[in-house]
Amino acid sequence: MDDYRSTPRRHDREILALAVPAFGALVAEPLFLMADSAIVGHLGTAQLAGLGVAATLLATLTGVFVFLAYATTAAVARRIGAGDRRAAIQQGIDGIWLALLLSAALVALTVPLAPQLVGLFGASDSATPHAVTYLRISALGIPAMLTVLAATGVLRGLQDTRTPLVVAVAGFSANLLLNVGLVYGAGLGVAGSAWGTVLAQCGMAAAYLLVVLRGARRHHAALRPDLAGIRACARAGGPLLVRTVSLRAVLVIATAVAARLGDEQVAAHQVAMTLWSFLAFALDAIAIAGQAIIGRYLGAGDVEGTRAATRRMVRWGVGAGVVLGLLVVLGRPLYVPLFTPDAAVQDRLTVVLLIVALTQPVSGVVFVLDGVLMGAGDGPYLAWAMLATLVVFAPVALLLPAAGGGLVALWWGMALFMLVRLGMLGWRARTGAWLVTGAVRP
């Protein structure tokens, strides 16, 4: 058995080696949409509005399957810790097959139902045709998107976050060039933007599959679908699906409440949420490192090393949260005018951004513990914890307008949301019930 116990300095090196490239890959993902928006925005307002609706739908449809990355990372990392690289790659291949099966069903539903799905968002008559066109074409790239999620999980489990960074940067660059060429050069408009993104996603999926296939050949892992392995991946991912849907429900509720408060409030909320989401990428990078490291330690049967790594990552989470919080406060004069020139919206952001800043250290610990428990394969607890948090947050947020609460009250509600998560995850971490060792979690 490999001994992964080490000094705090070595833990720091491990965390940084995984977290820094992971952050780069995470940031590259929203750049796809930014590039599409910038290019399509010059076609007209209706086209941009259509893109916005379709992209939101697509992100929602595929985002709930992020468990394909999370569950695969933990399972593969355990096998690596146990010293069985062939089984680790085999586990990853099962995850990729699951991604392909799920994506086939998703495409079969999305393409014919695109007009109805767009209609649910209440798009205008002028924007609807563009939204339907973009969604139908982009849906053809769903198999590639989900394959990228699963294959990214494989590489993270193998302790490799650099390859996903390289693939993400190459994918973004290809997406940008394809969009410019197809939208303007070929004159395909919104359809060209969708095809450019599909082709870029397919290229990324092909690159990932090439890396995984090489590893499979090198370590004699089978490529054919294994029903037992696919079912095991689905069982591991099910609770994380519940967790992700519950988390998205919290964000949707917050946005719905803000929309009832007036144009200035919802504009300020959108800016604050955009910033909050970007900061989450930085903290999620540490969580991704946690998934890979903790899975490996537990697979190696090293409980002491697991606890030491967890303590170190929690310190990193707190430190990163403090730094990010300070940047939020000190950088307000620089970045707020970039989001909005409206003085009334800027005024409403003043207190809200202070709340965002104050909650960053809490968020840092929450993200780390979330990643630690995912790495341990503790999905059922994470599902129940997020459901319980949703039960606490939802009535508080929904009652705010009736109680006369405004945007500041809503963001204090978001702070409560993070504090409840901290309590739930912190309690679980202290119990040690998640410290299950072995190549496979029972």
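**Figure 1. Helix 9 bends by about 30 degrees at Gly237**. A proline, Pro239, follows the bend within four residues. The bend at a residue is the angle between two fitted axes, one for the seven residues ending there and one for the seven starting there. This is a predicted model, in which local features need pLDDT of at least 70, side-chain atom pairs count only at pLDDT 80 or more, and totals for chains, interfaces and linings use all residues. Residues are numbered from 1 along each chain as its sequence is written, and side-chain values use heavy atoms, with hydrogens and water left out. Helices (H or I, at least four residues) are DSSP runs, numbered from the N terminus. Helix 9 has 33 residues. From first C-alpha to last, helix 9 reaches 45 Å, close to the 48 Å expected at 1.5 Å a residue. The expected span is 1.5 Å times one less than the number of residues in the helix.

**Figure 2. Helix 4 bends by about 75 degrees at Leu113**. Here too a proline follows within four residues: Pro115. Helix 4 covers residues 85-120, 36 residues in total. Its end C-alpha atoms are only 46 Å apart. A straight helix would reach 52 Å at 1.5 Å a residue, and helix 4 falls short of that.

**Figure 3. Asp125 sits in the loop between helix 4 and helix 5 (128-139)**. Is Asp125 buried or exposed? Asp125 counts as exposed, because its relative accessibility is 74%. The cut-offs are under 20% relative accessible area for buried, over 50% for exposed, and in between for partly exposed (1.4 Å probe, protein chains only). Asp125 and Ala46 are 79 residues apart in sequence. In space, their C-alpha atoms are 9.0 Å apart.

**Figure 4. Helix 3 (residues 67-81) crosses helix 10 at roughly 35 degrees**. Two packed helices are described by the angle between their axes and the distance between the axes. The axes of helix 3 and helix 10 come within 6 Å. Axes are lines fitted to C-alpha atoms, for helices over the stretch in contact, and angles run from 0 to 180 degrees between N-to-C directions. The crossing of helix 3 and helix 10 is right-handed. That term applies if the near helix is turned clockwise from the far one by less than a right angle. Which residues of helix 3 meet helix 10? They are Tyr70, Thr73, Ala74, Ala77, Arg78, Ile80 and Gly81. On the helix 10 side are Asp284, Gln291, Ala292, Gly295, Arg296, Leu298 and Gly299. The residues of this contact divide into 6 nonpolar, 5 polar and 3 charged. Ala, Val, Leu, Ile, Met, Phe, Trp, Tyr, Cys and Pro count as nonpolar, Asp, Glu, Lys and Arg as charged, and the others, Gly among them, as polar.

**Figure 5. Helix 3 is largely enclosed by the rest of the structure**. Of its 15 residues, 15 are buried. Helix 3 should span 21 Å at 1.5 Å a residue, and its end C-alpha atoms are 21 Å apart, which agrees. Just after helix 3 comes Gly83, with a positive phi of about 85 degrees.

**Figure 6. His269 is a buried residue** **of helix 10 (residues 263-299)**. Its relative accessibility is 1%. What does His269 touch, not counting residues up to four places away in sequence? Its partners are Ala254, Thr255, Ala258, Leu407, Leu410 and Trp411. Contact means heavy atoms within 4.5 Å.

**Figure 7. Gln360 and Asp347 lie in helix 13 (residues 343-375)**. Gln360 is buried, with a relative accessible area of 2%. Leaving out residues up to four places away in sequence, Gln360 touches Trp276, Leu279, Leu283, Gly321, Leu324 and Gly325. Asp347 is exposed, with a relative accessible area of 56%. Asp347 and Thr359 are 12 residues apart in sequence and 20 Å apart in space, C-alpha to C-alpha.

**Figure 8. Gln159 and His220 are loop residues with positive phi**. Gln159 lies between helix 6 (142-157) and helix 7 (162-185). Its phi is near 70 degrees, and Gln159 is not a glycine. Gln159 counts as partly exposed, at 22% relative accessibility. His220 lies between helix 8 (190-219) and helix 9 (227-259). The phi of His220 is about 60 degrees. His220 counts as exposed, at 66% relative accessibility.

Definitions and conventions. Helix = DSSP H or I, 4+ residues; strand = E, 2+ residues; numbered from the N terminus.
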